[in-house]
Amino acid sequence: MSVLDVLARRRDLGTDGAGPHAERRHRVALVVEGGGSRATFSAGMAAAVEDRGLTPLLDDVYGVSAGSLNAAWLVAGKAREAMAPWTDRSVMRGTIDPRRVLRGGRVVDLEHLVEHVYVREVPMPFATILASPVAYHPMATDADTGASTDLAPLLDGPPALRRALQASSTLPVLAGPPVGLAGRRWVDGGLSEPVAVHTALARGATHLIVLRTHAAEHVPAEPPSVVDAVVRRWLRRHAPGVVGAWVHRVARARETETLLAELEAQGRLLHLRPPADAPAVSRTSTDLGLLGEALRIGHEAADRVLDALPSRSA
C-alpha cells in the first residue's frame, strides 16, 4: 500500500481514541527536515497536514534542528498557530540577530525562543505534546560521540522537553555551546542525520511522510572553505565527537537522498517539498516578507500532494 492509501484506510477505520490505530499493520512516521529559517517551508507544510486532519493518523513525528520545532507544534495540534511567529518582527529579531556577534552574543538565541516566546508570547502546550498518542521524537547529535540520538526517552517533563527543543536546534558557532540534558551534551541534530529517516526506519516505520526544506533539484554541497574551517575549529573545542560527522556530512546526505528516492519509488515515502522555483531562504533570514512567502509556498506544495488522498469510503 502507498502512504496515501494507508492514511485513507486509517481515516476510514478511525482510531481507538487512545493511541494505536484500528489499522495496525503499518507504522506511519512523519519526518521534518531542518534548515534554520528554511523551516518556514516545512511550517507551512505541517499546517497543511493539520488542516486536513491527518495528525491523528500518524504514529510518530520526528524533527531535526528547526524541524523539531515545527514537529512539536504539529504534535500539539497547533501547527496552524505556529506559523505566526515566523512573520512576527519581535520574535524573529529576538531569535536571530547577527549583530549580537559584535557584543559577544549568539546569532541564534534558542533560549529566548523556547523559554520566553514559547512560554509567554506564543505558548507551546508542552504537557499536551508529552501526553500525545502520536509520539514526538526530537533528534540531536551527541557532542562527545557524534551519534544521532532520539531524545524522546529523555523527555520526563516540560523542562526536559524545552531543553530538547534547544538541543536539537543548536547550530555550531551560531547558537552557542552544546545544550546539556540528562547528563550529556547535545548539538544540532542535522549534523549527524539531516533527515531522520534512518532512525524512523530503525524504530519500525513502514511508511514515511517527509517534509523537506529543499527542492528536489537541490544537491548537497561542501560549504566555502572559510566556513568549513570556522566550524571545524568550533567543533574541536566544543563538540569534538562531531568533527567526523561534519567532515562526512555531504556524503551522508547524498546517501540519504538515494535512500529516500528508493523508498519513494516503492510507494513507502511521500515527499512534501518546495517547488524548483521557490525563493532561496538562508538559515538566518529574518526577511518577514520572504518568510511569509515561504510559509505560503510550503502550504500550497503540501496541498498539491495531499489532494491525491483517496476519497472517504462510502
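## Terms and model

Residues are classed here as nonpolar (Ala, Val, Leu, Ile, Met, Phe, Trp, Tyr, Cys and Pro), charged (Asp, Glu, Lys and Arg) or polar (the others, Gly among them). A cavity is a set of points, on a 1 Å grid over the protein atoms alone, where a 1.4 Å probe fits but cannot get out; lining residues have an atom within 4 Å of a point.

The model is predicted: local features need pLDDT of at least 70, side-chain atom pairs count only at pLDDT 80 or more, and totals for chains, interfaces and linings use all residues. Residues are numbered from 1 along each chain as its sequence is written, and side-chain values use heavy atoms, with hydrogens and water left out.

## Largest cavity

Two cavities of 30 Å³ or more are present. The largest has a volume of about 280 Å³, a volume being the space filled by probe spheres set on the points, with grid points joined across faces, edges and corners.

Its lining is made of 22 residues, and Ala66, Leu69, Trp86, Thr95 and Leu113 lie nearest the centre. By class, 14 are nonpolar, seven polar and one charged. At least two lining residues come from each of helix 3 (66-75), helix 4 (89-95) and helix 5 (110-121); helices are DSSP runs (H or I, at least four residues) numbered from the N terminus. Helix 3 gives the largest share, four residues.

## Second largest cavity

The second largest cavity has a volume of about 30 Å³. Ala43, Ala46, Asn70, Trp73, Ala79 and Ala82 line this cavity, with five nonpolar, one polar and no charged residues.

Conventions. 1 Å grid on protein atoms, 1.4 Å probe; cavity = no way out; pocket = protein on both sides within 12 Å on 5 of 7 lines; lining within 4 Å.
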